[in-house]
Amino acid sequence: DAPATAAPAVAAQVALARVSLDAGRYDEARQIFEKALAAYPANAPALNRLGFANRKLGRLRVARGAYESAILTDPSFADAERNLAILLDLYLADPAGAVPHYERYQTLTGGADAQVAGWLTELRTRLGQAPRKVESQP
C-alpha cells in the first residue's frame, strides 16, 4: 500500500486522470496516470486505465504492458483481463492469445457478461475450437 501521506495525493491524481480519460483527453490522462503510478505503482485500476489511454493513443505495446501489470498487481481484477483480451484480439491480431483472458474474465465475473460469452463463442469458432453452425436457407 501507499504510505498514508501519499495516498490522498495519489487518489486525487487518479481522479483527475479519470476525468481527462472520460473527456477523451487521452495523452493528458496518460501523463497523470503515469505520475500517480510513479508514486504508487500497485494500483490495478489506474494501470488498467493507463492501458486504455495508451490503446486510444495507438501505443499498443505500452497498453499491453499496463494491462499485464494490472493483472500481476491484482489477479482478481477482471476489467484488465477483458481489456487485454480485446487488445489482443482486435488490435494485435492474436485471437488465440485473447481466449484465455476472456475465459479468465468470465471466471472472475461468474460468467455474467453475455457479450463476452458471445465473443468467446465467435473466437472459438474462428479458431476452429468450436463447431460452426450451419445456417439454413429460407
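Of the 138 residues in the protein chain, 39% are buried (under 20% relative accessible area, with a 1.4 Å probe and protein chains only). The model is predicted, so local features need pLDDT of at least 70 and side-chain atom pairs count only at pLDDT 80 or more, while totals for chains, interfaces and linings use all residues. Residues are numbered from 1 along each chain as its sequence is written, and side-chain values use heavy atoms, without hydrogens and water.

The protein chain has seven helices and zero strands (DSSP runs of H or I with at least four residues, and of E with at least two). It exposes about 7900 Å² by the Shrake-Rupley method with a 1.4 Å probe, and carbon and sulfur atoms supply 54% of that area. Contact means heavy atoms within 4.5 Å. Among contacts between residues at least 6 apart in sequence, 44% join residues at least 24 apart.

Two packed helices are described by the angle between their axes and the distance between the axes. Helix α2 and helix α3 pack at about 150 degrees, with axes 9 Å apart. They are therefore roughly antiparallel (angles over 145 degrees).

| Helix | Range | Contact residues |
|---|---|---|
| α2 | residues 26-39 | Y26, R30, F33, E34, L37 |
| α3 | residues 44-56 | A46, L47, R49, L50, F52, A53, N54, K56 |

By class, the contact of α2 with α3 has eight nonpolar residues (Ala, Val, Leu, Ile, Met, Phe, Trp, Tyr, Cys and Pro count as such), four charged (Asp, Glu, Lys and Arg) and one polar (the others, Gly among them).

Key
Axes fitted to C-alpha atoms, helices over the stretch in contact; angles between N-to-C directions. Parallel < 35°, antiparallel > 145°, perpendicular 65-115°, else oblique. Buried < 20%, exposed > 50% of the residue type's maximum accessible area, 1.4 Å probe, protein only.
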